[in-house]
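Here is a friendly walk through one protein model, in questions and answers. Keep the structure open beside you as you read.

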Amino acid sequence: LHGRVLPMASVPLDIAAEVELDGRVSTVYGQVACALTPGRVRAISLLPTDPPACPEAVQAVLEADWVVFGPGSWFTSVLPHLKVPELADALLRTRARRLVALNLAPQPGETDGFSPQKHLEVLRQHAPSLSIDVVLADTGVAEDGEELEKAAAELGGRLVMAPVADEDGSPRHDAQRLASVLDEIFREKR
């Protein structure tokens, strides 16, 4: 594997989140505020609303063999890429296969109470035309494997369950385990 870090847009961006708390909906601005907000994030948007994509990022997506979504902060790190129109279009048009690596636990504030399948539902709501080839989940995270398998299938993908969590019990992926499972998936051995 090789890669490089590229910005998703060629202009500075801000993120806005629609948040529901005690039956009231409000908007919070900024990545930290969105990530730490009390209440449930319902949707996100970017400001400006139609930012130009970084051309190198678009080209990298179009030339990739695999595109991996996650793991990471769902509303503030994973989903924003789908809000940059040119980048979202490249993610839909690429011949690359697409994989979602699910988080090991809900993120306090941002995805409190989310099941693994709820993360996939939110992805589908933000990008209804996006199809996924593989959903990767830790074997200890999915309480209802059948429901998670169904949620993966609704995105066009198959579910791969594997032990990818750190053995210390924290909600972190073990880098070696995750890399090993991704290698197996990329080489079609899993």
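Q: How much space lies in the second largest pocket?
A: Keep in mind that this is a predicted model. The volume is that of the space filled by probe spheres set on grid points. For the second largest pocket, this comes to about 230 Å³.

Q: Which elements give two or more residues to the lining of the second largest pocket?
A: The lining includes Asp14 and Ile15, as well as Thr76 and Ser77. Strand 1 covers residues 14–21 and helix 3 covers 74–78. The elements asked for are strand 1 and helix 3.

Q: Which residue in strand 2 stands opposite valine 19?
A: Strand 1 and strand 2 (residues 24–29) run antiparallel, and six bridges join them. The two strands form a hairpin with two residues between them. Opposite valine 19 stands serine 26.

Q: Is aspartate 22 buried or exposed?
A: Aspartate 22 lies in the loop between strand 1 and strand 2. Its phi is near 55 degrees, a positive value in a residue other than glycine. Exposed means over 50% relative accessible area. Because aspartate 22 has 74% relative accessibility, it counts as exposed.

Q: Is threonine 94 buried or exposed?
A: Threonine 94 sits in the loop between helix 4 (85–93) and strand 5. Not counting residues up to four places away in sequence, threonine 94 touches Val61, Leu62, Ala64 and Val67. The cut-off for buried is under 20%. Since threonine 94 has 6% relative accessibility, it counts as buried.

Q: What kind of peptide bond joins leucine 47 and proline 48?
A: Proline 48 lies in the loop between strand 3 and helix 2 (55–63). For the bond between leucine 47 and proline 48, omega is about 0 degrees. That bond is cis.

Q: Which elements do the buried residues of helix 5 pack against?
A: In helix 5 (residues 116–126), the buried residues are Pro116, Gln117, His119, Leu120, Val122, Leu123 and His126. An α-helix has 3.6 residues a turn, so residues three or four places apart point the same way. The buried residues of helix 5 pack against strand 3, helix 3, strand 5, strand 6 and helix 6.

Terms used: Residues numbered from 1 in each chain as written. Predicted model: local features only at pLDDT ≥ 70, side-chain atom pairs only at ≥ 80, totals over all residues. Heavy atoms only, no water. 1 Å grid on protein atoms, 1.4 Å probe; cavity = no way out; pocket = protein on both sides within 12 Å on 5 of 7 lines; lining within 4 Å. Helix = DSSP H or I, 4+ residues; strand = E, 2+ residues; numbered from the N terminus. Pairing = 2+ DSSP bridges. Buried < 20%, exposed > 50% of the residue type's maximum accessible area, 1.4 Å probe, protein only. Contact = heavy atoms within 4.5 Å.
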